[in-house]
Amino acid sequence: TSQRLEVRSGNYEFHTNYAYFEKQVRVDQFADGQPQGYLTCSDMQVFFSSTNSLDSIRARGGVAIVQGENRFDAGEAVYGATNGVLELIRSPAWQSGERSGKGDDIRVDTEKQEMLVRGNAEM
């Protein structure tokens, strides 16, 4: 499938192997031209490897990640492209349909489709 991301923000900067977006950041994901999900936050840093491939993403400030009926909210989210792990901190919570939960730290292995909630975990 053809994958595409659109990033909108009030300001952005591009550097060698690094991009910074701030002020009402919104990232929309598309597959074959159809919307798949989105991320919103206050600011976002994107790091690239020396081969210009995605290395990691750090989103901060009112982070919301939505795909279909699944949603994550947190004060900060870090995604590592090399291992496919999404870490959510600062009051993270999740929702999938009518199911929901929260904890001190949420770690999602996107490749294995597993989630670990640590500290004051509720479901």
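Where does serine 9 lie? Serine 9 sits in the loop between β1 and β2 (11–15), with strands (E, at least two residues) taken as DSSP runs and numbered from the N terminus. Before going on, a word on the model: it is predicted, so local features need pLDDT of at least 70 and side-chain atom pairs count only at pLDDT 80 or more, while totals for chains, interfaces and linings use all residues. Residues are numbered from 1 along each chain as its sequence is written, and side-chain values use heavy atoms, with hydrogens and water left out.

Back to serine 9. Its relative accessible area is 23%, so serine 9 is partly exposed; buried means under 20%, exposed over 50%, and partly exposed in between (1.4 Å probe, protein chains only). Setting aside residues up to four places away in sequence, serine 9 touches Phe21, Glu22, Lys23, Gln24 and Val25, where contact means heavy atoms within 4.5 Å. A polar atom of the serine 9 side chain also lies 2.8 Å from the backbone oxygen of asparagine 11. Aspartate 109, by contrast, is 100 residues from serine 9 in sequence and 28 Å from it in space, C-alpha to C-alpha.

Now for the open space. The largest pocket holds about 1200 Å³. On a 1 Å grid over the protein atoms alone, a pocket is an open set of points where a 1.4 Å probe fits, with protein on both sides within 12 Å along at least five of seven lines, and lining residues have an atom within 4 Å of a point. Grid points are joined across faces, edges and corners, and the volume is the space filled by probe spheres set on them. There are 38 lining residues, and Gln29, Ile65, Gln67, Leu86 and Thr110 are the closest to the centre. Strands that each supply at least two lining residues include β1 (3–8), β3 (18–31), β4 (34–48) and β5 (54–67). The lining divides into 24 nonpolar, nine polar and five charged residues. Here Ala, Val, Leu, Ile, Met, Phe, Trp, Tyr, Cys and Pro count as nonpolar, Asp, Glu, Lys and Arg as charged, and the others, Gly among them, as polar.

What about the packing? The largest nonpolar core has 19 residues, and Leu39, Cys41, Met44, Ile65, Phe72 and Leu88 have the most contacts inside it. Such a core is a set of buried Ala, Val, Leu, Ile, Met, Phe, Trp, Tyr and Cys residues joined through side-chain atoms within 4.5 Å. β3, β4, β5, β6, β7 (85–89) and β10 each supply at least two residues of this core. Take leucine 88: leaving aside neighbours within four places in sequence, its contacts include Ile65, Phe72 and Asp105.

That last residue is worth a stop. Aspartate 105 lies in strand β10 (residues 105–109) and counts as buried because its relative accessibility is 14%. Its side chain makes a polar contact with the side chain of arginine 118 (2.7 Å); a polar contact is a pair of N or O atoms within 3.5 Å, one able to donate a hydrogen and the other to accept it, and residues adjacent in sequence count only if both atoms are side-chain atoms.

Finally, the backbone. Most residues other than glycine have a negative phi. Asparagine 17, in the loop between β2 and β3, has a positive phi near 65°. Serine 91, in the loop between β7 and β8, has a positive phi near 60° and counts as exposed because its relative accessibility is 67%.

How values were computed:
Helices (H or I, at least four residues) and strands (E, at least two) are DSSP runs, numbered from the N terminus.
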